[in-house]
Amino acid sequence: MPHTFNSGATDSRKVNGNAPVISVQDLTMAYGSFVLMRDVNFTVQRGDIFIIMGGSGCGKSTLLRHMVGLLSPAKGRILYEGISFFDAAPPTRSALMKRMGILYQSGALWSSMTLAENIALPLEHYTALSPGQIAEIVSFKLALVGLAGFEHYYPSEISGGMRKRAGLARALSLDPDILFFDEPSAGLDPVSAKRLDDLILELRDNLGATVVVVTHELHSIFAIGNNSVFLDAQTRTMIAAGNPNTLLRESQDPTVRTFLTRGKE
Amino acid sequence: MEILHFDQISDDAAIVRLSGRWKTGPQLPSASELSGHLDQTPATRRLSFDTQGLTEWDTGLLSFLKSVMRECSARKIDVDRSGLAAGVRRLLDLAMAVPEKKDAHRSTKSESFLSRVGSETIAFIQSAGEMVAFVGAACSALGRLLLRRASFRTDEFKLLVQESGAQALPIVSLISFLVGLILAFIGILQLKLFGAQIYVADLVGIAMVREMGAIMTGIIIAGRTGAAFAAQLGTMQVNEEIDALTTLGISPMAFLVLPRMVSLTLMMPLLCLYANIMGILGGMMVAAGLHGIKPVSYFQRTAEAVGLNDLAIGLFMSIVFGILISLAGCMRGMQCGRSASAVGSATTSAVVTSIVAIIMATAMITVVCDVIGI
Ligand SMILES: Nc1ncnc2c1ncn2[C@@H]1O[C@H](COP(=O)(O)OP(=O)(O)OP(=O)(O)O)[C@@H](O)[C@H]1O
Ligand SMILES: [Mg+2]
């Protein structure tokens, strides 16, 4: 696992200057013959905290599912450091998968396993750590998301917000360097949401992770995002891209402005 | 007094007067009255409202007004909303803030009979293809397991063995005991005509061991364990749990489907053996209880009649059923859509598929055994 420790990762991409971590080219997303979005183009650089935003039901989760290789593009392609997921050979694919950590919108914890087993499974599958070492990592990851001591609970025994955080701990279990979060702060109280923002920044700064976040939380969009795309359900394509703070200042598009100012403009 | 009244103030302008109580209920007029009026006065270009006499209103008024707006915009008539109360205007604005999505409505037009037959046929061919693909994937996962390139969690496996084996014992006992009992009950009445009651042991023994034990176990397990597999995997599909496995690079085939297939395929012959014994006991109950045949002679007769090949055929069938039921259950679960109702139909379809498969396999095995003479 390449753990580059670079402080100030925002600048590191200029230093590395290599291919973008993810580049989405001319992507068309469709369910059967129903086209959801077309002509989506953007790149995510190493160390970015990349925000995917847009109204409810416009296709953000669908875009995320394309980016993690669960759905194949109807048209166009998605490259990871220049490699196309769907054209890659199985070993390359599984190496790529190992580098991704995903938090699903519903948490998606495996319901027949305890939280500890949920977090341990990726470690058991990919590493040769001893059970004792795994248990230590598990309890650390749970503590990181504020769930210390919940090792032996089943997903059905904890609340929705806790499930989300446990899902986050599982996404972090292999220290992945590309993280995908689908509405991580939905259902969290303001304090936990703030802690989550801090955690995302720390992950980026200390582990050099690249983070793609789907979120509606304006506060965290401006606090952590340094790049973004805005998907629009009406025109069926992306209508804005760039740093959210810049978008707030400079975007002329009424839909984007309304979204970013919570309908005040 | 009428609550809706049209006033044509000039050739191209009309006023809609609303008065009285506009509370949701059958007494409210529908917007079609407006279109009737507009049909008579096609020159109308402007429409305004007068709500002086309006005493009470709720959604009934709002939905009427929304239909009026839609009707007017279709006819290119300007609507002046200043006559409406401020609250009504604001709520209408909220309802119209997001333009209607044209293609969000599913087309509900009825298909012709021929095209329905056509699309059903295509769907059937597709599902047959999917079935073959699923069986292929399961075989390759099994191959990898045997070559020790994959593994599954032993804890989960033990639980599955318990679930599909031990926990099915009560229902399997009850049903196969009753089947044995019924077979003996009917058989013995006929055999009595020839004074050959003792041969009921042959009848029950061979029928149970060779066919009925396996078939009854198969049908019970299809309804019980096959349905459970489909529901478990379907729910995991709905909760994105299967996606979470896939994106981690863990094959759901190896991790979820194989343990279920292996456990059920191991448990089925054991359950079948047990069902055979229970069926024979049921037959003996009738013979001993109602017709005074000694249990010892009943067992002796059974041992003489039932050959090893009968037992082998029964057990072989039960292994085949185990594979078929677990395949059908897991396949329907993995193909499940993303809603709670999809889990329900996955479960139903798993049971139907398994039972059809069981009956077809029985027919084939019976014919083949007959041809090769065992
Ligand atoms: N399996 C599917 N088949 C067909 N259409 C689908 C399917 N899943 C989602 N859709 C459609 O795709 C659209 C986008 O769904 P998606 O879940 O990506 O939205 P979203 O932007 O994540 O919304 P939210 O913010 O509410 O999570 C929805 O309008 C939905 O109708
Ligand atoms: Mg979503």
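**Close-up views of the predicted model**

View 1. Leaving aside residues up to four places away in sequence, Leu271(B) touches Ser164(B), Gly165(B), Ala168(B), Leu169(B), Val172(B), Thr217(B) and Ile221(B). Ile221(B) and Leu271(B) are separated by 50 residues in sequence, and their C-alpha atoms are 9.5 Å apart.

**View 2. Protein donors of the magnesium ion (ligand 2).** The ion has as its protein donors OG of Ser61(A) and OE1 of Gln105(A), at 1.9 to 2.2 Å. Ser61(A) belongs to helix H2 (residues 60–67) of chain A, whereas Gln105(A) lies in the loop between strand E6 (100–103) and helix H4 (115–126) of chain A; the pair therefore ties together parts 44 residues apart in sequence. Ser61(A) is partly exposed, with a relative accessible area of 22%. Gln105(A) is also partly exposed, with a value of 35%.

**View 3. The open sheet of four strands in chain A.** The strands follow the order E2-E1-E4-E5, with antiparallel pairing. Strands E2 (34–44) and E5 (83–84) of chain A stand at the edges; each has a single partner strand, so one side of each is left without a neighbour in the sheet. Helix H2(A) packs on the sheet and touches E1 (22–31), E2 and E4 of chain A, its direction making about 120 degrees with that of E1(A).

**View 4. Pairing of strands E4 and E5 of chain A.** Strand E4 (residues 75–80) and E5(A) pair in the antiparallel sense over two bridges. Tyr80(A) has Ile83(A) in E5(A) as its bridge partner.

Conventions:
Residues are numbered from 1 along each chain as its sequence is written. Chains are lettered from A and ligands numbered from 1 in the order in which they are written. This is a predicted model: local features need pLDDT of at least 70, side-chain atom pairs count only at pLDDT 80 or more; totals for chains, interfaces and linings use all residues. Side-chain values use heavy atoms; hydrogens and water are left out. Contact means heavy atoms within 4.5 Å. Donors are N, O and S atoms within 2.8 Å of the metal (3.2 Å for Na, K and Ca); water is not among the atoms, so sites may look incomplete. Buried means under 20% relative accessible area, exposed over 50%, partly exposed in between (1.4 Å probe, protein chains only). Two strands pair if DSSP finds at least two bridges between them. Axes are lines fitted to C-alpha atoms, for helices over the stretch in contact, and angles run from 0 to 180 degrees between N-to-C directions.
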